[in-house]
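This report describes some local features of one protein chain.

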Amino acid sequence: MVDQLSRAVISDPDQNSTSNEQISVQRPGSAPLRFKNRALHDTKVRTRSALTENLLSNKLRFDARILTRSGRDACRELIGFFFAFDKSLTIYEYRHFGKNRSSALPLIQKGSYSHQHGRRKGVQFGIHDFYVKGANLTFTTTGHNLPENIKQKPLLTLRITDVDEMAKSMLLASVEDIYQDPTKQEVDDRNTLFSIQGTLKEKLKKRGVRTLTGIGKLFRSLDKSGDGVLQKEQVQLALKEFHLTLSEKDFDAVWRIMDLNCDGEVDYGEFLRAVTGEMNEYRKAFVRKTYQWKIAIEHTSSVYIFSFKDFHCSVIHYIDPGEATEDQLRAGFVETLREACTNRNDVSYCEFEDYYEGLSIGISEDEDFANILKNSWGI
């Protein structure tokens, strides 16, 4: 990692010896220097920056994922570090090359950043911004080493999936971090969405899969430009089509929350999750792992529909236990997916995720949901 993380002095352990013990040539029979266990230790070699020690000892490690409809981008493994000393951060993508080689490649260069979207737009990131339940980090896509398809959009949004809670607690106890209480507007926004989600989830418990996959397909068909956004009338039309009825007051309230730029358009994926809720990160991890496993096997950006022949039917038995045979259940599962897909022969990540978002609504326990995916796919 070519940044502050790699500036720690990794030098010869023999430097810790006294002057009489130090020798200028290699001792007979000792291992060559390149085979020695080299680690951080006291050293006389000066570092370029006096901040190195502080940066290394006052950092918070976190994992993140990209909020996207692209399967390959959604499955990227991101590892980040937030440095409390100067409130900077850096994010790497963990990449695998073959079976035995992996590397951490820079995605977001080390620097100080602030929120680029939402009620806190312009506020610099702090320790309190790193938590698992719905925390997002937003960045402009210019000036970073990002894939070309991600650069096509003005903003990159990352969802925090895991945080080193012990390190976070230690940092909060030792470093001054000004916590800004949620504004009244933020509290009102949260309460509005929770209320609407509670109402719609009750309606969706028995029809979550077909509703969310169907409305997702309709949204994508209305999105002629392919940029992931729709206008108000289009969103209202799709909700009514699938009987996700909101009062005019509730719909307008959600629209104001989601359309902060007041440009008359919203990301329809984000809007749908705002009104129906979404799986927690524990469940999302299993969904991403399953899809990543499939596309890794097929070396494609989507999954061929008939490759689901290896699918085991415990998920369907969970929803509709009965006398149907394994083949009948599998055929029904494949047909449900085909109806949800824009291309009836391929399943994109967003279509796959919509299916499990709908399934998740009717399953209260995280372990039950995890076991369904484990048993269904053998992951």
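A crossing of two helices is left-handed if the near helix is turned anticlockwise from the far one by less than a right angle, and right-handed if the turn is clockwise. By this rule, α6 passes α9 in a right-handed crossing. The model is a predicted one, and the values below are computed from it.

**Two helix pairs**

Two packed helices are described by the angle between their axes and the distance between the axes. The table gives both values for two pairs.

| Helix pair | Angle between axes | Distance between axes |
|---|---|---|
| α6 (residues 208–222) and α9 | roughly 150 degrees | within 11 Å |
| α7 (residues 232–241) and α8 (residues 248–258) | about 130 degrees | 12 Å |

With an angle of roughly 150 degrees, α6 is roughly antiparallel to α9, because angles over 145 degrees count as roughly antiparallel. On the α6 side, the residues that meet α9 are Leu212, Ile215, Phe219 and Arg220. Their partners in α9 are Tyr268, Leu272 and Thr276.

How do α7 and α8 lie relative to each other? They are oblique, and their crossing is right-handed. Lys232, Val235, Gln236 and Leu239 are the α7 residues in this pairing, and they meet Glu248, Phe251, Asp252 and Trp255 of α8.

**Helix α9 and its ends**

Helix α9 covers residues 268–276 and is mostly covered, with 7 of its 9 residues buried. The buried residues are Tyr268, Phe271, Leu272, Arg273, Ala274, Val275 and Thr276. Among them, Tyr268, Leu272 and Thr276 also take part in the meeting with α6.

At the N-terminal end, α9 is capped by aspartate 267, which has a side-chain oxygen 2.9 Å from the backbone nitrogen of glycine 269. Just after the helix comes glycine 277, with a positive phi of about 80 degrees.

Which residues of helix α4 (residues 165–174) are buried? They are Ala167, Lys168 and Leu171. Seen down the helix axis, these residues fall within an arc of 100 degrees, so they line one face of α4. That buried set packs against strand β1 and against β6 (155–163). On the other side of α4, the exposed residues are Met166, Met170 and Ala173.

**Arginine 65**

Strand β1 spans residues 59–66 and includes arginine 65. Is this residue buried or exposed? Arginine 65 has a relative accessible area of 3%; it is buried because that value is under the 20% limit. Its side chain makes a polar contact of 2.9 Å with the side chain of glutamate 281. Apart from neighbours within four places in sequence, the residues in contact with arginine 65 include Ala74, Leu78, Thr157, Arg159, Thr161, Glu278, Lys284 and Arg288.

**Valine 132**

Valine 132 is located in the loop between β4 (101–111) and β5 (136–140). It is partly exposed, with a relative accessible area of 27%. Between valine 132 and isoleucine 160 there are 28 residues of separation in sequence, while the distance between their C-alpha atoms is 5.5 Å. When residues up to four places away in sequence are not counted, valine 132 touches Ile160, Thr161, Asp162, Val163 and Glu281.

Terms used:
Residues numbered from 1 in each chain as written. Predicted model: local features only at pLDDT ≥ 70, side-chain atom pairs only at ≥ 80, totals over all residues. Heavy atoms only, no water. Helix = DSSP H or I, 4+ residues; strand = E, 2+ residues; numbered from the N terminus. Buried < 20%, exposed > 50% of the residue type's maximum accessible area, 1.4 Å probe, protein only. Polar contact = N/O pair within 3.5 Å; in protein donor to acceptor, adjacent residues only side chain to side chain. Contact = heavy atoms within 4.5 Å. Arc of directions from axis to C-beta. Axes fitted to C-alpha atoms, helices over the stretch in contact; angles between N-to-C directions. Parallel < 35°, antiparallel > 145°, perpendicular 65-115°, else oblique.
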